[in-house]
Amino acid sequence: MTNVNSINQCKERVMNVVRKLMKANINPLTQGNISCRDTETGLVIITPHDYPYEIMTVDDLVVLDIDGNVVEGKRVPSCEAPVHLSVYKKRPKVNGVVHTEPIYTNAFGIAGRPIEPCFVNMGICAGGAVPIMPFEDSGSYEFAEKMLKLMEGRNAIVWACHGLLTVGPTVEDAFKCTVMVEQGAQINYVALSLGTPYVIGQKKLDQLISLKEGE
Ligand SMILES: [Zn+2]
């Protein structure tokens, strides 16, 4: 059963995140992709493949079922849709996925250096250090399988030489995590030039995360 209202709301929310990412200068041109799972129907609303954000509207978004069949939409879905769908299958509490290509985060990925939780806001959003996945083609279910293993217990992962993927209970949470990780990467980069950054321990982070969840 499709629910037009809930799907339309998800489309608006995806477009809001698209606009916020553009404003934050995180995803220029056609880079990255954003999706939202409609909790009422289980359908996934995703940005189209290789289509400029500047001219994108709700009518350009594609609605997929969990197996990747196009339910609605005139455009080709993002080529990384298999990664988004695999996340939704594996993690039932996740309803938003954001893939971007921010500069500082990518620099850590290329250096093969996990982004440590030195900045507390980043640590809470990501769930700990952000792991790095070695470079490989990102459009397949096999890639998604490997990625999900590496990001167990985390809401963010860096694909080396490519970009960042964040997840959250909502697409807005995934967006917030994207901003926090890029900010965390910038802060760590500067801190590394000054000395040895202090890394917040996982135990302390877990405490802070459970406090946040109890709010
Ligand atoms: Zn990408």
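Colleague: Which residues touch the most other members in the largest nonpolar core?
Modeller: In this predicted model, the residues that touch the most other members of the largest nonpolar core are Val14, Ile45 and Val181, out of the 53 residues that make up that core.

Colleague: And where does the largest share of this core come from?
Modeller: The largest share comes from H6, which supplies 8 residues.

Colleague: Back to Val181, what does that residue touch?
Modeller: Leaving aside residues up to four places away in sequence, Val181 touches Thr105, Ile115, Met122, Ala126, Val130, Ala156, Leu164 and Thr166.

Colleague: How do H1 and H6 lie, roughly parallel or roughly perpendicular?
Modeller: The axes of H1, residues 4–23, and H6, residues 171–194, come within 10 Å and cross at roughly 15°, and with angles under 35 degrees counting as roughly parallel, the two helices are therefore roughly parallel to each other. The crossing in which H1 passes H6 is right-handed.

Colleague: Which residues meet there?
Modeller: On the H1 side they are Arg13, Val14, Val17, Lys20 and Leu21, and these meet Val171, Glu172 and Phe175 in H6. Sorted by class, the contact of H1 with H6 has 5 nonpolar and 3 charged residues, with no polar ones.

Colleague: Switching to H2, why is that helix largely enclosed?
Modeller: Helix H2 spans residues 81–90, and because 7 of its 10 residues are buried, it is largely enclosed by the rest of the structure. The buried residues in H2 are Ala81, Val83, His84, Leu85, Ser86, Val87 and Tyr88.

Colleague: What do the buried residues of H2 pack against?
Modeller: They pack against strands S1 (33–37), S2 (44–46), S3 (62–64), S5 (96–100) and S8 (163–168), and also against helix H5 (141–150).

Colleague: Staying with H5, how do the axes of H2 and H5 cross?
Modeller: Those axes come within 8 Å and cross at roughly 45°, and H2 and H5 are therefore oblique to each other. H2 passes H5 in a right-handed crossing.

Colleague: Which residues make the contact?
Modeller: H2 contributes Pro82, Val83, Ser86, Val87 and Lys90, while H5 contributes Tyr141, Phe143, Ala144, Glu145, Met147 and Leu148.

Colleague: And how many nonpolar, polar and charged residues is that?
Modeller: The residues in the contact of H2 with H5 divide into 8 nonpolar, 1 polar and 2 charged.

Conventions: Residues numbered from 1 in each chain as written. Predicted model: local features only at pLDDT ≥ 70, side-chain atom pairs only at ≥ 80, totals over all residues. Axes fitted to C-alpha atoms, helices over the stretch in contact; angles between N-to-C directions. Helix = DSSP H or I, 4+ residues; strand = E, 2+ residues; numbered from the N terminus. Parallel < 35°, antiparallel > 145°, perpendicular 65-115°, else oblique. Left-handed = near helix turned anticlockwise from the far one by under 90°. Contact = placed C-beta atoms within 7 Å. Nonpolar A, V, L, I, M, F, W, Y, C, P; charged D, E, K, R; others polar. Buried ≥ 20, exposed ≤ 12 C-beta atoms within 10 Å, placed from the backbone. Core = buried A, V, L, I, M, F, W, Y, C linked by C-beta atoms within 7 Å.
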